[in-house]
Amino acid sequence: EHPSQILKTWEGGMSFHGGLLGVVIAVITFAWKQKIPILRLGDLAACGATVGLFFGRLANFVNGELFGRVTDSQWGMIFPNGGPLPRHASQLYEAATEGLLLFLILNCLAWFRPQIQRQYGVLFGLFLTLYGCFRFIIEFAREPDVQIGLYFNMISQGQVLCMPMILIGLAVIAYAMNKKELINDHPAL
């Protein structure tokens, strides 16, 4: 209803999906201006973004925000703003999967599979697909946003936003893998 408030991040924060859209726009703009292949720059950004995701989720944990749902598991934690019952430390689950595990997968492929480096877009597509899958699964342990709740009493806003991310990631992988020739490294990269 109020598009001008989109940029007012100091009044509510920023979700990952919105941040991703901003980064994609920045990568496209920068690549276009510098005449760098967009998907190659996307691959590089995806490999590095996992470090930021890791530390961002650790910060969420330290700040006691974005905590998980109530649990009776032995690793449940009581969060200062989460009420008296133990909750999943979903921020740590996300740091481990979206940050550390995704970092290892993407960077191992980039370093140990040289062909992947020349198939521009594979790493970016994997980032979108795997991030979307990891986040979709962890959302079952994460407390839904109070103002949004669950759709159909089952899935969260985060899960809904992960579905197109997974599909777009798979499409980017398919596009990159089906290119007939491998591309040599761009001199600027």
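Analyst: Buried means under 20% relative accessible area, exposed over 50%, and partly exposed in between (1.4 Å probe, protein chains only). This is a predicted model, in which local features need pLDDT of at least 70, side-chain atom pairs count only at pLDDT 80 or more, and totals for chains, interfaces and linings use all residues. Residues are numbered from 1 along each chain as its sequence is written, and side-chain values use heavy atoms, with hydrogens and water left out.

User: Is F79 buried or exposed?

Analyst: F79 has a relative accessible area of 4%, so F79 is buried. F61, at 23%, counts as partly exposed.

User: How many aromatic pairs does the whole structure hold?

Analyst: A pair of aromatic rings is described by the distance of the centres and the angle of the planes. Rings of Phe, Tyr and Trp (its six-membered ring) pair if their centres lie within 6.5 Å; planes under 30 degrees apart are stacked, over 60 edge-to-face, the rest tilted. The search finds five pairs. One of them is F61 with F79, edge-to-face, at 6.1 Å centre to centre and 90° between the planes. F61 lies in helix α2 (residues 38–62) and F79 in the loop between α2 and α3 (90–112), so the pair ties together parts 18 residues apart in sequence. Helices here are DSSP runs (H or I, at least four residues), numbered from the N terminus, and strands are E runs of at least two.

User: Which residues form one aromatic cluster?

Analyst: The cluster consists of F61, F67 and F79.

User: Which residues of α6 are exposed on the face turned away from its buried side?

Analyst: That face carries L167, Y175 and N178.
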